Structure formats: C-alpha cells, structure tokens
Amino acid sequence: MTNRMPELLCPAGNLESLEAALHFGADAVYGGMKQFGLRAFAGNFDEEALTQAVEKMHGVGKKFYLTMNIFPFDDQMDDFIAAAKAARDIGVDAAIVSDLGAIAALRREVPELPLHVSTQASTVNAEAVRVYRDMGCERVILAREMSLARIAALHREVGDSIQLETFV
C-alpha cells in the first residue's frame, strides 16, 4: 500500500460553493454541467461557468472533476459525447461516469479524458474494479455501503493498480 495523503474532494454546484470548498481546504471539487449529471438541483455549470471553475481550480493547483453520471439513452449519446469533448477542451481533470456503455463510448471517442467510476455504479467487489480498470478508468468511487473492512479487503485484491475513492 502506498502511503500518500488522501485527496479531500468536495462538491461544488456553483462558483460560490467552489470558493467555500477552497476556503476549507479542498484539494479538488466535483460538479456537474447543466445536463448529464444526477445532481439536478445542485445549480451546476454552463460551459462559461465551467471554464471559470476549472481555471480557478487550476490557478491554485487544485483539480476539477466533472460529474457525467447519468445513464444515457441511445438518443442522448451523441450529445453526451459532445459534452465530454467540450469538458476535455475546457480542461476538466476527469469525468465521473456511472454507465458501462457511456464508459465504453467515452474511451473510444474521447480517450484522453480521464474517467472515474461514480458511486452511482454501486461498485462493491474487486472483479468489478478490475473490469473498470481494464476499460481504462483510473479511479473507482466505491459504493457508500462499503465498510472500512470491506474496502481494505478489496484494496488487498486490486492493489494500487487503480485508485479507490470512498465517501466519509
């Protein structure tokens, strides 16, 4: 196990909450765009505000992760991919995604965009973590139901081959 300081990641539904997260020591924030996120009432960012948020975070050496954790229908996939390309161009540090098909499409269409698997995917076992790793995801946000003992056991199974994240 690698000894490194955990990343303090906080939600930011708008620029005001982003500033609050920074004030209280966040290393990174996650937030959504006006579409394709499950936090519909969080305010969320249009492209202009997302650009400002990413520039603000990067300007102080911090990261911005974009939630794109809806389960897109086939007729939404083209817009979903276009939004991911815009997010990549803006400079988000990763997209947080839930849907297996969305992950596969993003790996194919936007391979340079780092992907984190959302807690909404309810990942609770090492086999699933390995599948996401093999698909090119760099981090899995584990299901909230995971106990510390289960997280430790899962980490022993997958080692440091992929980052694991959990809510506290």
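Reader: Where is Ser122 found?

Author: Ser122 sits in the loop between strand 5 (115–117) and helix 5 (126–134). Keep in mind that this model is predicted.

Reader: What is the phi of Ser122?

Author: Ser122 has a positive phi, about 55 degrees, although it is not a glycine.

Reader: Is Ser122 buried, exposed or partly exposed?

Author: Look at the relative accessible area. Under 20% is buried, over 50% is exposed, and partly exposed lies in between. Ser122 has 44% relative accessibility, so Ser122 counts as partly exposed.

Reader: Which residues does Thr119 touch?

Author: Start with its place. Thr119 is also in the loop between strand 5 and helix 5. Its relative accessible area is 9%, so Thr119 is buried. Leaving out residues up to four places away in sequence, Thr119 touches Ile141, Leu142, Ala143, Arg144 and Phe167.

Reader: Now the charges. Which residues gather in a patch of negative charge on the surface?

Author: Asp74, Asp75, Asp78 and Asp79 do. Take Asp74, one of them. Asp74 lies in the loop between strand 3 (63–67) and helix 3 (77–90).

Reader: Why does Asp74 count as exposed?

Author: The cut-off for exposed is over 50% relative accessible area. Asp74 has 75%, so Asp74 is exposed.

Reader: How far apart are Leu148 and Thr166 in sequence and in space?

Author: Read both distances. In sequence, Leu148 and Thr166 are 18 residues apart. In space, they are 9.5 Å apart, C-alpha to C-alpha. Leu148 belongs to helix 6 (residues 148–158). With 73% relative accessibility, Leu148 counts as exposed.

Technical notes. Residues are numbered from 1 along each chain as its sequence is written. This is a predicted model: local features need pLDDT of at least 70, side-chain atom pairs count only at pLDDT 80 or more; totals for chains, interfaces and linings use all residues. Side-chain values use heavy atoms; hydrogens and water are left out. Patches are made of residues with over 30% relative accessible area and no salt bridge: like charges are joined within 9 Å, nonpolar side chains (Val, Leu, Ile, Met, Phe, Trp, Tyr) within 5 Å. Accessible areas come from the Shrake-Rupley method with a 1.4 Å probe; for residues, only the protein chains shown count as cover. A salt bridge is a side-chain nitrogen of Lys or Arg within 4 Å of a carboxyl oxygen of Asp or Glu. Lys and Arg count as positive and Asp and Glu as negative; His and the chain ends are not counted. The place of a charge is taken as NZ of Lys, CZ of Arg, CG of Asp or CD of Glu. Helices (H or I, at least four residues) and strands (E, at least two) are DSSP runs, numbered from the N terminus. Buried means under 20% relative accessible area, exposed over 50%, partly exposed in between (1.4 Å probe, protein chains only). Contact means heavy atoms within 4.5 Å.
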